[in-house]
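Let's take a walk through this chain together. Have the coordinates open as you read, and follow each stop in turn.

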Amino acid sequence: MEVKVLSSKLVKPAYNAGAPPAAATEYIPLSVFDKVTYRMQMAIIYAFPPPAPPTAAIEKGLAAALAEYRAFAGQLGEAPDGTPAVVLNDRGARLVEASVDADLVGMAPAKPTPELLRLHPDLEAEELEEVVMLQLTRFRCGSLAVGFTSNHVAADGHATSNFLVAWGRATRGLPMGPPPVHHREGLFRPRSPPRVDHDHRRREYYLPSPGEKLGHGHGHGDGVVENIVIHKAHFTKDFIAGLRAKASEGRGRPFSRFETILAHLWRTMTRARGLNPDETSTIRLSVDGRHRLGLPAEYFGNLVLWAFPTATASDLLSRPLRHAAQVIHDEVARVDGDYFRSFINFAGSGAAEREGLAPSAVLKDVLCPDVEVDSWLTFPFYELDFGTGSPSYFMPSYFQTEGMMFLVPSYIGDGSVDAFVPVFHHNLEAFKECCYSME
């Protein structure tokens with residue numbers, strides 16, 4: 001796929017006539033949750049069928065949305081006192097226009113491939129200047145691909161999906177909805193003295209080895225990444241219903257769709273990898289703290305910690321699906337409001353800095369024997385509408401980390417789910433063989 005870049009510009013916030021001008025410089029201090037999240041670009045792809053919305057309307061809507069969501073028009077930096085912050089300097093979001101002299105076929109419902117990265121602005125720069133970068137790529141058939149990336153330090157998936165919906169509404173000339181609520185000094189103030197009821201040293205943090213380059217995980221030698229392929233598994237509504245019934249048999253309240261699918265994928269990955277019976281596998285899955293801390297859904301930033309369900313390969317494969325689902329359910333239940341407050345107390349105590357701990361949310365090439373999951377099943381990503389209707393397709397971009405799974409609602413819109421699963425090429429056939437088995 002040959003992509004021709006036509007233009008690149010910064011889109012700055014457009015404030016309503018009569019609204020007070022933004023102060024020259026403002027800051028949103030990074031919260032304890034922003035500081036322990038992944039330092040990475042969240043990258044997603046939308047596809048819109050013809051007639052696709054015009055660029056001028058999309059850009060105008062973007063400028064209006066950025067006036068409300070100023071963090072996405074700012075830059076990561078520091079406040080005058082040296083505190084890490086999002087600087088609200090209205091630098092703007094990077095908008096790239098591009099074209100492809102071909103029809104948009106094969107992308108939907110295709111699995112992610114390296115070619116998808118061409119539908120984004122260049123993400124390989126050492127230091128990306130903007131928090132948000134997007135590329136509008138128009139195809140010969142009239143279709144439009146929107147490649148959207150945002151810096152995870154500025155906002156989690158929940159907050160980003162709020163922005164995307166507001167952007168679509170602004171483009172259509174509609175009210176954007178409730179404004180974002182930002183972190184402020186003292187919002188996550190630790191108790192005095194701090195009360196820490198959980199072991200955060202080995203969950204949100206870890207002790208790096210001497211000489212380790214922080215934030216980059218561990219390499220696995222040349223050729224490892226090239227041996228990873230991303231498989232898209234499609235689970236129909238009927239298959240999911242069957243899985244839930246099987247997992248929840250004899251249980252008063254059935255497991256959720258998410259718990260059931262994740263339990264099934266955990267067992268499938270364990271079997272496909274051929275793990276030894278006594279090997280331990282851990283899932284890292286995000287838990288939203290907004291409701292748990294009594295904060296509004298409009299909170300904009302990161303408000304996520306992680307649950308870590310753990311089991312041996314023998315337990316996962318010799319015991320029924322119900323066991324894996326219960327392990328997941330129980331571990332997520334542990335990450336409640338008290339857990340979040342315990343983390344706030346630990347993170348604010350200075351213990352991590354004194355002990356040389358680093359955030360455990362680091363990018364790695366290979367997660368085996370562990371897995372990680374990003375569930376987008378409840379985010380309103382499909383509500384991005386620029387005036388010509390919802391996208392025909394939505395998917396994560398190319399993210400080549402073995403064991404890093406993404407769950408998204410299928411573009412079919414019938415309750416089915418697509419799972420994007422990076423696996424080693426030599427494990428792919430084994431994964432396919434047991435992926436659709438209920439045994």
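Contact here means heavy atoms within 4.5 Å. Keep in mind, too, that this is a predicted model.

With that in hand, look at helix H8, which spans residues 337–347. Nine of its 11 residues are buried, so H8 is largely enclosed by the rest of the structure. The buried residues are Gly337, Tyr339, Phe340, Ser342, Phe343, Ile344, Asn345, Phe346 and Ala347. At the start of H8, the backbone nitrogen of Asp338 has a side-chain oxygen of Asp336 within 3.3 Å.

Next, turn to strand S6, residues 93–100. Because six of its eight residues are buried, S6 too is largely enclosed by the rest of the structure. Strand S1 (residues 3–11) runs antiparallel to S6, and eight bridges join the two; in this pairing, Val3 has Val100 as its bridge partner. S6 also pairs with strand S7 (residues 132–139), this time in the parallel sense, over seven bridges.

Our last stop is Pro29, found in strand S2 (residues 27–29). Is Pro29 buried or exposed? Its relative accessible area is 16%, and buried means under 20%, so Pro29 counts as buried. Setting aside neighbours within four places in sequence, Pro29 is in contact with Asp34, Thr83, Pro84, Ala85, His183, Arg184 and Glu185. Glu185 lies 156 residues away along the chain, yet the C-alpha atoms of Pro29 and Glu185 are separated by 6.9 Å.

Key:
Residues numbered from 1 in each chain as written. Predicted model: local features only at pLDDT ≥ 70, side-chain atom pairs only at ≥ 80, totals over all residues. Heavy atoms only, no water. Buried < 20%, exposed > 50% of the residue type's maximum accessible area, 1.4 Å probe, protein only. Helix = DSSP H or I, 4+ residues; strand = E, 2+ residues; numbered from the N terminus. Polar contact = N/O pair within 3.5 Å; in protein donor to acceptor, adjacent residues only side chain to side chain. Pairing = 2+ DSSP bridges.
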